[in-house]
Amino acid sequence: MATSDQNLSQFDLSKLDDCSSLRIGMVIAEWNRDVTYKMREGAIATLKDAGVKHQNIHTIEVQGSFELIAGARLIATRENLDAVICIGCVIKGETPHFEVINHAVATGIAELNVISGLPFIFGVLTTDNQEQALERAGGQHGNKGSEAAFTALKMGLLKKDLGKSPTGVGFRS
Ligand code: RBF
């Protein structure tokens with residue numbers, strides 16, 4: 001599933017409806033922070049370019065990508081958000097941890113989408129090495145953090161348009 005020819009970072013923000021009332025959460029994993037902080041930068045720039053107010057962008061950090069799930073759930077219980085962006089970077093090592101973590105994170109974030117009325121956006125890079133990751137964090141293959149933010153904007157607008165508040169299933173603090 002190659003993405004090198006699908007650089008969504010050239011999305012068109014002007015085609016979106018008014019985003020100025022959207023409230024967006026963001027959870028960033030500190031593991032591989034050389035990569036994830038660049039993705040965070042790209043995501044915040046995209047949100048601001050779309051008109052999301054600074055005070056309506058809520059960010060927290062967690063240790064590794066595995067903790068994105070709990071972090072995303074926690075921020076969703078605390079703030080009245082329209083979407084949550086999960087940003088991480090898992091780089092293949094010499095043990096099966098890569099597959100284990102990737103599977104757990106993808107499944108966990110998918111489950112959050114299912115049990116709540118809130119969109120949780122999967123902004124997790126899974127690469128063979130750091131070079132590939134940096135190419136996707138502001139390098140030649142765009143910034144996947146910016147793309148995750150664009151997806152969050154679209155889903156946040158959709159939620160405002162069609163959805164109700166989170167059902168609360170599993171989200172009471
Ligand atoms: N977290 C990441 O976000 N990216 C990684 O590439 C990554 N590699 C890991 C490799 C090993 C062997 C272990 C034990 C953890 C790794 N983690 C990584 C951290 C993981 O997401 C989590 O923070 C810890 O397992 C604690 O729950």
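The model is predicted, and local features need pLDDT of at least 70, side-chain atom pairs count only at pLDDT 80 or more, and totals for chains, interfaces and linings use all residues. Residues are numbered from 1 along each chain as its sequence is written, and side-chain values use heavy atoms, with hydrogens and water left out.

**Fold**

The chain has 5 helices and 6 strands, where helices (H or I, at least four residues) and strands (E, at least two) are DSSP runs numbered from the N terminus. Along the sequence these elements follow the pattern β-α-β-α-β-α-β-α-β-β-α. Of the 173 residues of the chain, 45% count as buried, that is, under 20% relative accessible area, as against exposed at over 50% and partly exposed in between (1.4 Å probe, protein chains only).

An open sheet of 4 strands has the order 2-1-3-4 with parallel pairing, two strands being paired if DSSP finds at least two bridges between them. Strand 2 (57–62) and strand 4 (120–127) stand at the edges with a single partner strand each, so one side of each is left without a neighbour in the sheet. From one strand to the next the twist averages 15 degrees; axes are lines fitted to C-alpha atoms, for helices over the stretch in contact, and angles run from 0 to 180 degrees between N-to-C directions. Strand 1 (residues 24–29) and strand 3 (residues 83–91) run parallel and are joined by 5 bridges, and I28 has I87 in strand 3 as its bridge partner.

Helix 2 (residues 68–78) packs on the sheet, touching strand 1, strand 2, strand 3 and strand 4, and its direction makes about 155 degrees with that of strand 1. Contact here means heavy atoms within 4.5 Å. Helix 3 (residues 97–115) also packs on the sheet, touching strand 3 and strand 4, and its direction makes about 170 degrees with that of strand 4.

**Ligand surroundings**

The table gives polar contacts, meaning pairs of N or O atoms within 3.5 Å.

| Backbone N or O atom of | Ligand atom and distance |
|---|---|
| G64 | oxygen, 3.4 Å |
| C89 | nitrogen, 2.8 Å |
| I91 | oxygen, 3.1 Å |

Taken alone the ligand exposes 540 Å², of which the protein buries 69%; accessible areas come from the Shrake-Rupley method with a 1.4 Å probe.

**A loop residue**

S116 is found in the loop between helix 3 and strand 4, and at 8% relative accessibility S116 counts as buried. A polar atom of the side chain of S116 lies 2.8 Å from the backbone oxygen of L112; within protein, one atom of such a pair must be able to donate a hydrogen and the other to accept it, and residues adjacent in sequence count only if both atoms are side-chain atoms.
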